[in-house]
Amino acid sequence: MRNITLENVTDAVINAMSGDIPARNREIMSAAIKHIHAFCKEVDLSYDEWLEAMKWFVRAGHISNEARNEFILISDIIGVEVLVDMLDKKPTHGETITTVLGPFYRENSPVLPKGASIIQKEYPGTETVRITGTIRDTDGAPVPNVILDVWHDAPNGLYDLQDPEQPDMNFRGRFETDENGEYDLVCYRPAPYPIPYDGAAGELLNYMGHHPWRPGHVHFMIMKEGYKTLISQIYDSETEYLDNDSVFAVKEELVGTLKKAPEGADTDLAMEFNFVIRNNAKLGAVAAE
């Protein structure tokens, strides 16, 4: 098409796609082009604003590496990761609700015995917590030999991969449920922390007039062959920012209560939190992923 106008540019771009591409590619790109063009028209985007946005994307790319994905942070700030998580991982049979993975997950955390601590570096004055619970399937039966990959930030608000002063894999561990489906681990009371805001994500936060803080939480990835992997978080009911999480990931049923540990216990606090995971074998083809 040699005569592009405001009225036909959107159709021209969509029609330029090859007829050989997969149908899903066409569905996604057609919708994306329509919405992006409509957005530009709605806000009457200026050329200078567009150019600054392109430079901003470049800055986001330059700061991204294996330890920090700036585009995930940006997606979090505008609520896209949590939206996609809710679309893709709806709890269809009563399983525990999911929430975002976040940018600080690491593979190959140390394998630890039941009841062990994930604390490698001590921070005096920080409350210790014993978290226990049972993993059950959607029929209510306890599930043995489930792997729980657990991680949280240090009391200074930093994860190990952000902080060279922390030991490698600090506040990370993998646990396995026993024959009764029970798990047991020790950690610190998770602290609220700001998501990294010294780069493009921080520029976006400033543009939106929003803060970078997340409420205190512990991450869980719960896995067993034949079951749908559950990625979730437990939130401290007394933490700040539960009602204005910077990445919009808080769900009411994921808020847990920390109680004073019984006299003679080896931690300051205790929390019981039970999870339900989906058994794809029991639920059949409809539930299978």
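Which residue just after H6 takes a positive phi? That residue is Gly209, and its phi is about 70°. Please keep in mind throughout that the model before you is predicted.

Let us take H6 itself. The helix covers residues 200-208. Within H6, the residues Ala200, Ala201, Gly202, Leu204 and Leu205 are buried. What lies over them? The cover for the buried residues of H6 includes H3 and H4.

I turn to the packing of H3 against H6. Two packed helices are described by the angle between their axes and the distance between the axes. For H3 and H6, the angle is about 135° and the axes are 8 Å apart. The pair is therefore oblique. On the H3 side, the contact is made by Trp56, Arg59 and Ala60, and on the H6 side by Ala200, Glu203 and Leu204.

Arg59 is bridged to Glu203, with 2.7 Å between the closest N and O atoms. Arg59 belongs to helix H3 and Glu203 to helix H6, so this bridge links distant parts of the chain, 144 residues apart. How accessible are the two partners? Arg59 is partly exposed, at a relative accessible area of 30%, and Glu203 also counts as partly exposed, at 33%.

H3 has a further partner, namely H4. These two helices pack at an angle of about 125°, and their axes are 8 Å apart. Here too the arrangement of H3 and H4 is oblique. H3 contributes Trp56, Phe57, Ala60, Gly61 and Ile63 to the contact, while H4 contributes Glu70, Phe71 and Ile74.

Glu70 deserves a moment of our attention. Is Glu70 buried or exposed? Glu70 is found in helix H4, which spans residues 70-77, and its relative accessible area is 0%, so it is buried. If we set aside its neighbours within four places in sequence, Glu70 is in contact with Ala60, Ile63, Ser64, Gly199, Ala200 and Ala201. Among these, Ala200 and Ala201 are buried residues of H6, and Ala60 takes part in the contact between H3 and H6.

Asp85 lies in helix H5, residues 80-88. Its relative accessibility is 6%, and Asp85 therefore counts as buried. Not counting residues up to four places away in sequence, Asp85 touches Thr98, Thr99, Val100 and Lys251.

Now let us consider the surface. A nonpolar patch is formed there by Phe39, Val43, Leu45, Tyr47, Trp50, Leu51, Met54, Phe57 and Phe71, and together these residues have about 820 Å² of accessible area. Two elements give two or more residues to the patch: helix H2, residues 23-43, and helix H3, residues 47-63. Which helix gives the most? The answer is H3, with five residues. Tyr47 is one of the patch residues, and it is found in helix H3. With a relative accessible area of 61%, Tyr47 is exposed.

I come to the remaining salt bridges. The count for the model comes to 18. One of them joins Arg130 and Asp184, whose closest N and O atoms are 2.6 Å apart. Arg130 lies in strand E1, residues 128-137, and Asp184 in strand E4, residues 182-188, so the bridge ties together parts that are 54 residues apart in sequence. Arg130 counts as buried, at 18% relative accessibility, and Asp184 is buried as well, at 16%.

Another bridge is formed by Asp160 and Arg172, with the closest N and O atoms 2.9 Å apart. Asp160 sits in the loop between strand E2 and strand E3, Arg172 sits in strand E3, and the two are 12 residues apart. Asp160 counts as buried, at 7% relative accessibility, and Arg172 counts as buried, at 2%. This pair also belongs to a network of salt bridges that links Arg106, Asp160, Asp168 and Arg172.

To close, I return to H3. This helix packs against H6, packs against H4, and gives the most residues to the nonpolar patch. Thank you for your attention.

How values were computed. Residues are numbered from 1 along each chain as its sequence is written. This is a predicted model: local features need pLDDT of at least 70, side-chain atom pairs count only at pLDDT 80 or more; totals for chains, interfaces and linings use all residues. Side-chain values use heavy atoms; hydrogens and water are left out. Helices (H or I, at least four residues) and strands (E, at least two) are DSSP runs, numbered from the N terminus. Buried means under 20% relative accessible area, exposed over 50%, partly exposed in between (1.4 Å probe, protein chains only). Contact means heavy atoms within 4.5 Å. Patches are made of residues with over 30% relative accessible area and no salt bridge: like charges are joined within 9 Å, nonpolar side chains (Val, Leu, Ile, Met, Phe, Trp, Tyr) within 5 Å. Accessible areas come from the Shrake-Rupley method with a 1.4 Å probe; for residues, only the protein chains shown count as cover. A salt bridge is a side-chain nitrogen of Lys or Arg within 4 Å of a carboxyl oxygen of Asp or Glu. Axes are lines fitted to C-alpha atoms, for helices over the stretch in contact, and angles run from 0 to 180 degrees between N-to-C directions. Angles under 35 degrees count as roughly parallel, over 145 as roughly antiparallel, 65 to 115 as roughly perpendicular and the rest as oblique.
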